[in-house]
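Reader: I am new to this structure. Please show it to me, and then I will ask about it.

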Amino acid sequence: MKNKRQARDLSGETFGRWTVLERANRNEQGHFYYWCLCECGFKGRIIGYSLKSGKSKSCGCLQREISAEKMKEVRTMTRHYHRKEVRDLKQEIEYLRNLLKKHKIDYCAVAS
Ligand SMILES: [Zn+2]
């Protein structure tokens, strides 16, 4: 009988910006870590299920870029919102909501 927890070796596969170089050690639960190379050149050890689930897509550089992009758009939109006349308020709030939803931004995070 084969090892019941024989995990697929992810070496050579890509997940987001990660390219899996080689399998590393296991953690206490028996999950494998992988040495991965990010597109930006950063090398990191990532747990396999994070790669497979899409939880980890880069060393963090991708996340930083997305956040910067999001904030730029929100700032532009906020400036636009403040210039608008009150009669368009309902429409503006709707626009704001959609924009936030599109980028999956937490309402509270923007309001604070
Ligand atoms: Zn990176």
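Reader: How many helices and strands does the protein have?
Author: Residues are numbered from 1 along each chain as its sequence is written. This is a predicted model, in which local features need pLDDT of at least 70, side-chain atom pairs count only at pLDDT 80 or more, and totals for chains, interfaces and linings use all residues. Helices (H or I, at least four residues) and strands (E, at least two) are DSSP runs, numbered from the N terminus. The protein has 4 helices and 4 strands.

Reader: In what order do the elements run from the N terminus?
Author: The protein contains both helices and strands. Read from the N terminus on, its elements run β-β-β-β-α-α-α-α.

Reader: Which residue is the bridge partner of Phe 15 in E2?
Author: Two strands pair if DSSP finds at least two bridges between them. Strand E1 (residues 14–15) and strand E2 (residues 18–26) run antiparallel and are joined by 2 bridges. They form a hairpin with 2 residues between them, and Gly 16 in the turn has a positive phi of about 65 degrees. In E2, Phe 15 has as its bridge partner Trp 18.

Reader: Which residue in the hairpin of E2 and E3 takes a positive phi?
Author: E2 pairs with strand E3 (residues 32–38) in the antiparallel sense, over 6 bridges. Glu 22 has its bridge partner in E3, Trp 35. The hairpin has 5 residues between the strands, and the positive phi, near 90 degrees, is taken by Gly 30.
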